[in-house]
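This briefing goes through one structure by topic. Please look over the sequence and the model before reading on.

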Amino acid sequence: MKKIEFKSVVVGILLALLVCKLFFSFSSPFSYQLFALFLAYTACVYLGAALSDSRVKWISIEFGLSCLFFNLAFLGLIFSPLWIAVGYLLHGVWDLLHHPKIIQTKVVKWFPPLCAVFDLVVAIFIIQFY
């Protein structure tokens with residue numbers, strides 16, 4: 001594993017643990033609302049990167065996926081927090097696909113692995129504490 005990827009993984013784990021500790025310090029419904037909002041918010045990062053380089057195909061794809069993640073967050077608030085966990089798992093996969101050799105993006109190269117690990121840890125926490 002390259003040095004930058006290793007650091008990204010470690011930082012992603014630490015940030016996820018910090019966010020989980022912070023979010024779960026609130027009452028149950030409010031903590032899941034925070035997780036849902038954060039999922040919807042982070043899903044727009046790649047859309048913003050796509051908008052910055054004007055590739056219409058990728059703007060459309062990123063917009064569609066940001067809508068998917070928003071809807072999974074919404075389903076998690078209405079029906080079950082497990083939908084939020086599914087959103088984080090799928091977003092983690094989407095992060096991994098933003099490797100420079102698969103989907104080229106303007107985000108810095110350390111971000112996708114950091115975010116993928118973060119998403120996986122958060123999803124596991126939500127599933128574990130649901």
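Which side chains meet in a salt bridge? They are those of Asp53 and Arg55, with 3.1 Å from N to O. The model is a predicted one, and a search of the whole structure finds one salt bridge.

**Salt bridge**

- Asp53 is partly exposed, its relative accessible area being 21%.
- Arg55 is also partly exposed, with a relative accessible area of 29%.

**Aromatic pairs**

- In general, two numbers describe a pair of aromatic rings: the distance of the centres and the angle of the planes.
- The count of aromatic pairs comes to twelve.
- One of them joins Phe23 and Phe35, whose ring centres are 4.8 Å apart; their planes stand at 75°, so this pair is edge-to-face, the cut-off being over 60 degrees.
- This pair links distant parts of the chain, since Phe23 belongs to helix α1 (residues 3-23) and Phe35 to helix α2 (residues 28-42), twelve residues apart.
- Phe23 has a relative accessible area of 10% and is therefore buried, the limit being under 20%.
- Phe35 is buried as well, at 0% relative accessibility.
- The rings of Phe38 and Tyr41 form a tilted pair, because their planes are at 35°, which falls between the limits of 30 and 60 degrees; the centres of these two rings are 6.4 Å apart.
- Phe38 and Tyr41 are three residues apart in helix α2, so about one helical turn separates them.
- Phe38 is partly exposed, with a relative accessible area of 27%, whereas Tyr41 is exposed, with 60%.
- Ring pairs join Phe23, Phe24, Tyr32, Phe35, Phe38, Tyr41, Tyr88, Phe118, Phe125 and Phe129 into a cluster.

**Helix α2**

- The end C-alpha atoms of α2 are 21 Å apart, and this agrees with the span of 21 Å that its 15 residues should have at 1.5 Å a residue.
- The buried residues of α2 are Ser31, Tyr32, Leu34, Phe35, Ala36, Leu39, Ala40 and Thr42.
- Two of these, Tyr32 and Phe35, are also members of the aromatic cluster.

**Helix α5**

- Helix α5 (residues 82-97) is made of 16 residues.
- From first C-alpha to last, α5 reaches 23 Å, close to the 22 Å expected at 1.5 Å a residue.
- Buried in α5 are Ile84, Ala85, Gly87, Tyr88, His91, Gly92, Trp94 and Asp95.
- The elements that cover the buried residues of α5 include α2, α3 (45-53), α4 (56-78) and α6 (111-129).
- Tyr88, one of the buried residues of α5, takes part in the aromatic cluster.

**Pocket and cavity**

- Empty space is found by rolling a probe the size of a water molecule over the atoms.
- The largest pocket has a volume of about 510 Å³.
- Its lining consists of 24 residues, and those nearest the centre of the pocket are Glu5, His99, Lys109, Pro112 and Pro113.
- Two or more lining residues of the largest pocket come from each of α1, α5 and α6.
- With six residues, α5 gives the most to this lining.
- The whole structure holds one cavity of 30 Å³ or more.
- The volume of the largest cavity is about 30 Å³.
- At least two residues of the cavity lining come from α3, and at least two from α4.

**Two further residues**

- Phe70 lies in helix α4 and counts as partly exposed, at 48% relative accessibility.
- Phe70 and Ala50 are 20 residues apart along the chain, and 18 Å separates their C-alpha atoms.
- Gly48 is part of helix α3 and counts as partly exposed, at 34% relative accessibility.
- Gly48 and Lys3 are 45 residues apart along the chain, with their C-alpha atoms separated by 27 Å.

Technical notes: Residues are numbered from 1 along each chain as its sequence is written. This is a predicted model: local features need pLDDT of at least 70, side-chain atom pairs count only at pLDDT 80 or more; totals for chains, interfaces and linings use all residues. Side-chain values use heavy atoms; hydrogens and water are left out. Rings of Phe, Tyr and Trp (its six-membered ring) pair if their centres lie within 6.5 Å; planes under 30 degrees apart count as stacked, over 60 as edge-to-face and the rest as tilted. Helices (H or I, at least four residues) and strands (E, at least two) are DSSP runs, numbered from the N terminus. Buried means under 20% relative accessible area, exposed over 50%, partly exposed in between (1.4 Å probe, protein chains only). The expected span of a helix is 1.5 Å times one less than its number of residues. Contact means heavy atoms within 4.5 Å. A salt bridge is a side-chain nitrogen of Lys or Arg within 4 Å of a carboxyl oxygen of Asp or Glu. On a 1 Å grid over the protein atoms alone, a cavity is a set of points where a 1.4 Å probe fits but cannot get out, and a pocket is an open set with protein on both sides within 12 Å along at least five of seven lines; lining residues have an atom within 4 Å of a point. Grid points are joined across faces, edges and corners, and a volume is the space filled by probe spheres set on the points.
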